[in-house]
Amino acid sequence: MEIAVLGGGNGSFAAAGDLSLAGHQVRMWRRDAAAVASHRDSGCTITVKDFRGTYKATPALVTTDIGEAVHGAELIVCPTPAFAQDEIAKRLAPHLGDGQVVFLPPGTFGSVLFATAARQARNRARVAFAETGTLPWLARKHGPFEVQISARGKHLPTGVFPLSRADAALAVLERAFPGAIRPCGDALSGALMNAGPIIHPPLIVMNAAPLEHFEKWDIHNEGTQPAVRRVTDALDRERVAIREALGYGAPHFPLADHYAASGLEWMYGRGSHERLTRSGDWRERIVLREHRYMIEDVRMGLALLASTARLAGVAAPLVEAFLSIGGAICGEDFFRTGRTLASLGLGDLDRAGVQKLLREGFA
């Protein structure tokens with residue numbers, strides 16, 4: 001299958017490497033011209049390491065020309081942080097063609113943002129936008145063109161915008177991620193599966209002192225203590241309550257399953273938390289005012305949850321508390337600057353209007 005991968009971070013290199021190794025023709029786009037030139041000079045190779053060994057993957061193309069990267073691709077994978085989506089969506093919009101699937105893993109409701117950008121570019125191609133609850137890879141780059149994959153997604157709950165194109169979109173995604181795609185309805189359902197705004201805000205806010213004191217700190221190892229876990233589970237219950245109030249059914253993929261030794265498997269399967277901490281890749285320096293856990297998962301992810309909770313008529317005190325504390329740490333009003341239904345252009349729609357848009361897309 002012809003696949004375009006957008007971005008140059010951990011997830012994008014994991015995607016380009018892993019999908020190339022699976023036999024797909026992968027074209028990789030990133031904005032950094034110097035990095036692209038260096039990658040081309042090295043032969044466009046990506047070193048992929050996992051528990052089985054080390055492999056060399058070679059994408060068919062590495063380019064700064066987004067049109068060249070996505071032309072004719074059945075699937076466009078954009079595993080970039082949510083705060084990068086706006087610029088990428090505008091660059092991508094004129095180049096989308098009929099039948100293409102844009103996959104945001106995860107999306108923070110970026111499906112609507114990408115569809116809006118295409119509409120504003122007057123591109124009327126029939127495109128499906130899909131998003132899921134997590135990156136399909138627990139991954140960290142170990143060098144400019146080397147990536148370590150600690151775990152791969154086994155269950156990827158995925159929503160599609162518009163829902164009317166879900167069957168075709170999910171069939172394409174299944175070819176790229178065989179056996180892992182779990183349909184969960186529309187794009188808002190997919191957005192409400194996003195694990196980042198649940199796992200990361202308690203970990204960085206409740207570990208703020210050690211994060212600012214130590215040169216490096218592993219929020220998933222020393223930082224994951226029983227008090228933090230209890231708060232995380234309570235925050236996740238607010239997410240599930242929002243889903244249920246909007247009519248989305250189980251499975252909700254509660255984050256507690258990620259840590260459990262038995263019971264239902266979470267998105268990465270059994271034992272992924274142990275593999276993550278054992279890898280040592282998450283013992284890192286986190287600058288609270290700059291890191292994506294704050295800028296993406298608190299400011300954008302929790303702002304989206306807060307606005308969706310208001311649409312659903314559900315109280316979300318922990319969502320609002322972490323949003324307030326995160327904003328205070330950064331000296332910013334995250335309720336105003338974060339991603340909300342209003343900032344996505346849906347502020348004038350009631351619940352029925354949002355649901356109609358999710359089913360049918362833009363006229």
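Modeller: Let me start with a side-chain pair: D236 and R239 are joined by a polar contact of 2.6 Å. Keep in mind that this is a predicted model.

Biologist: Where does D236 sit?

Modeller: D236 is in helix 10, which covers residues 226-245.

Biologist: Is D236 buried or exposed?

Modeller: D236 has a relative accessible area of 4%. The cut-off for buried is under 20%, so D236 counts as buried.

Biologist: And what does D236 touch, leaving out residues up to four places away in sequence?

Modeller: I198, P254 and L255.

Biologist: Which residues of helix 8 and helix 10 meet?

Modeller: From helix 8, P197, I198, I199, P202 and L203. From helix 10, V228, V231, T232, L235, D236 and R239. By class, that contact divides into eight nonpolar, one polar and two charged residues.

Biologist: What is the geometry of helix 8 against helix 10?

Modeller: The angle is about 145°, and the axes are 9 Å apart. The crossing of helix 8 and helix 10 is right-handed.

Biologist: What about helix 8 and helix 13, at what angle do they cross?

Modeller: Roughly 125°, with the axes of helix 8 (residues 196-205) and helix 13 (residues 292-312) coming within 9 Å. That angle makes helix 8 oblique to helix 13. The crossing is left-handed.

Biologist: Which residues meet there, between helix 8 and helix 13?

Modeller: Helix 8 brings G196, P197, I198, H200, P201 and I204. Helix 13 brings R292, Y293, M294, D297, V298, G301, L302 and L305. The contact of helix 8 with helix 13 holds nine nonpolar, three polar and two charged residues.

Biologist: And how do helix 10 and helix 13 cross?

Modeller: Their axes come within 9 Å and the angle is roughly 40°. Helix 10 and helix 13 are therefore oblique to each other. The crossing of helix 10 and helix 13 is left-handed.

Biologist: Which residues of helix 10 and helix 13 meet?

Modeller: R239, I242 and A245 of helix 10 meet L305, T308, A309 and A312 of helix 13. Five of the residues in that contact are nonpolar, one is polar and one is charged. R239 also belongs to the contact of helix 8 with helix 10, and R239 is the partner of D236 in the 2.6 Å polar contact.

Biologist: Changing topic. Why would you call helix 5 largely enclosed?

Modeller: Because nine of the eleven residues of helix 5 (residues 110-120) are buried. The buried ones are G110, S111, V112, L113, F114, A115, T116, A117 and A118.

Biologist: What do the buried residues of helix 5 pack against?

Modeller: Helix 4 (85-92), strand 7 (101-104), strand 8 (128-132), strand 11 (156-161) and helix 7 (187-191).

Biologist: What does the backbone do around T108 and F109?

Modeller: T108 and F109 lie in the loop between strand 7 and helix 5. Phi of T108 is positive, about 55°, although T108 is not a glycine. F109 is not a glycine either, and its phi is near 65°. T108 counts as buried at 2% relative accessibility, and F109 is buried at 0%. After helix 5 comes R122, with a positive phi near 60°.

Biologist: Where are the cis peptide bonds?

Modeller: One runs from F161 to P162, with omega near -10°. P162 is in the loop between strand 11 and helix 6 (166-176). A cis bond also joins A250 and P251, with omega about 5°. P251 is in the loop between helix 10 and helix 11.

Biologist: Which residues does H258 touch, not counting those up to four places away?

Modeller: I199, W266, S272 and H273. H258 itself is in helix 11 (residues 256-259), and H258 is buried, with a relative accessible area of 5%.

Biologist: Last one: how far apart are V36 and T64?

Modeller: In sequence, V36 and T64 are 28 residues apart; in space, 6.9 Å, C-alpha to C-alpha. V36 lies in helix 2 (residues 33-41) and counts as buried at 2% relative accessibility. Leaving aside neighbours within four places in sequence, V36 is in contact with R30, V62, T63 and T64.

Terms used. Residues are numbered from 1 along each chain as its sequence is written. This is a predicted model: local features need pLDDT of at least 70, side-chain atom pairs count only at pLDDT 80 or more; totals for chains, interfaces and linings use all residues. Side-chain values use heavy atoms; hydrogens and water are left out. Helices (H or I, at least four residues) and strands (E, at least two) are DSSP runs, numbered from the N terminus. Buried means under 20% relative accessible area, exposed over 50%, partly exposed in between (1.4 Å probe, protein chains only). Contact means heavy atoms within 4.5 Å. A polar contact is a pair of N or O atoms within 3.5 Å; within protein, one must be able to donate a hydrogen and the other to accept it, and residues adjacent in sequence count only if both atoms are side-chain atoms. Axes are lines fitted to C-alpha atoms, for helices over the stretch in contact, and angles run from 0 to 180 degrees between N-to-C directions. Angles under 35 degrees count as roughly parallel, over 145 as roughly antiparallel, 65 to 115 as roughly perpendicular and the rest as oblique. A crossing is left-handed if the near helix is turned anticlockwise from the far one by less than a right angle, and right-handed if clockwise. Ala, Val, Leu, Ile, Met, Phe, Trp, Tyr, Cys and Pro count as nonpolar, Asp, Glu, Lys and Arg as charged, and the others, Gly among them, as polar.
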